[in-house]
Amino acid sequence: MGHMSGPYVIRGSVSLPEAELVWRFSRSSGPGGQHVNTSDSQAELRFDLAATASLPEVWKARALERLDGRLIDGVIVVRASEHRSQWRNREAAAVRLAALLAEATAPPPKPRRATRIPRGINERRLRQKKQRSDTKQGRSGRNWG
């Protein structure tokens, strides 16, 4: 089929180390023909996040904290079974893991600086609200002789 299209870059010069990835293959669930019963096309990729030395310490701490609910003993597991070929499922799982780690190791967003709303804008908003209120008030048929 060919080689994997790795290394899978997380961000910058940091990528997933092939040596730390543990693969497991099993039969995909769902419909299929005779072939599906004999081929192990579902790919399961395990990456030991707690023990890895390939990520900078800051990233590792950030990822461990953010992915806390997804980790099993510090190991992150990604499954892919949407393709019919094992190779494409391997690709999908590796890409998914790289994306997950990229998101989890991203720096936190800068805190928002509060800015004041100009008085003119606020006054215009209140004026429009009043106008709308009057329009709707005029629709109720109370003052109709």
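One aromatic pair is found in this predicted structure; rings of Phe, Tyr and Trp (the six-membered ring of Trp) count as a pair if their centres lie within 6.5 Å, and planes under 30 degrees apart count as stacked, over 60 as edge-to-face and the rest as tilted. The partners are W23 and F25, whose ring centres are 6.1 Å apart and whose planes meet at 5°, so the pair is stacked. W23 counts as buried because its relative accessibility is 18%, whereas F25, at 27%, counts as partly exposed. Here, buried means under 20% relative accessible area, exposed over 50%, and partly exposed in between, with a 1.4 Å probe and protein chains only. W23 has a further neighbour: the charged end of R90 sits over its ring, 4.6 Å from the centre. Such a placement requires NZ of Lys or CZ of Arg within 6 Å of the ring centre and within 35 degrees of the ring normal.

Residues are numbered from 1 along each chain as its sequence is written, and side-chain values use heavy atoms, with hydrogens and water left out.

Turning to the whole protein chain, its secondary structure comprises three helices and five strands, arranged from the N terminus as β-β-β-β-α-β-α-α. These elements are DSSP runs numbered from the N terminus, helices being H or I with at least four residues and strands being E with at least two. Of the 145 residues, 30% are buried. The accessible surface amounts to about 10800 Å², and carbon and sulfur atoms account for 52% of that; the areas come from the Shrake-Rupley method with a 1.4 Å probe, and for residues only the protein chains shown count as cover.

Three of the strands build an open, antiparallel sheet in the order β3-β4-β5. Its edges are β3 (21–26) and β5 (75–80), each of which pairs on one side only. From one strand to the next, the twist averages 20°. Strands are taken to pair if DSSP finds at least two bridges between them; β3 and β4 are joined by six bridges, and six bridges also join β4 to β5. A43 of β4 stands opposite F25, and its bridge partner in β5 is A80. Five of the six residues of β5 are buried, leaving this strand mostly covered.

Helix α2 (residues 86–105) lies across β3, β4 and β5 and runs at about 140° to β5. Axes are lines fitted to C-alpha atoms, for helices over the stretch in contact, and angles between N-to-C directions run from 0 to 180 degrees.

How does the helix meet the sheet at the level of single residues? Q42 belongs to strand β4 (residues 42–48) and N89 to helix α2. Although 47 residues separate them along the chain, their C-alpha atoms are 6.4 Å apart. Q42 counts as buried because its relative accessibility is 14%, and N89 counts as buried at 0%. Contact means heavy atoms within 4.5 Å.

Note on methods
This is a predicted model: local features need pLDDT of at least 70, side-chain atom pairs count only at pLDDT 80 or more; totals for chains, interfaces and linings use all residues.
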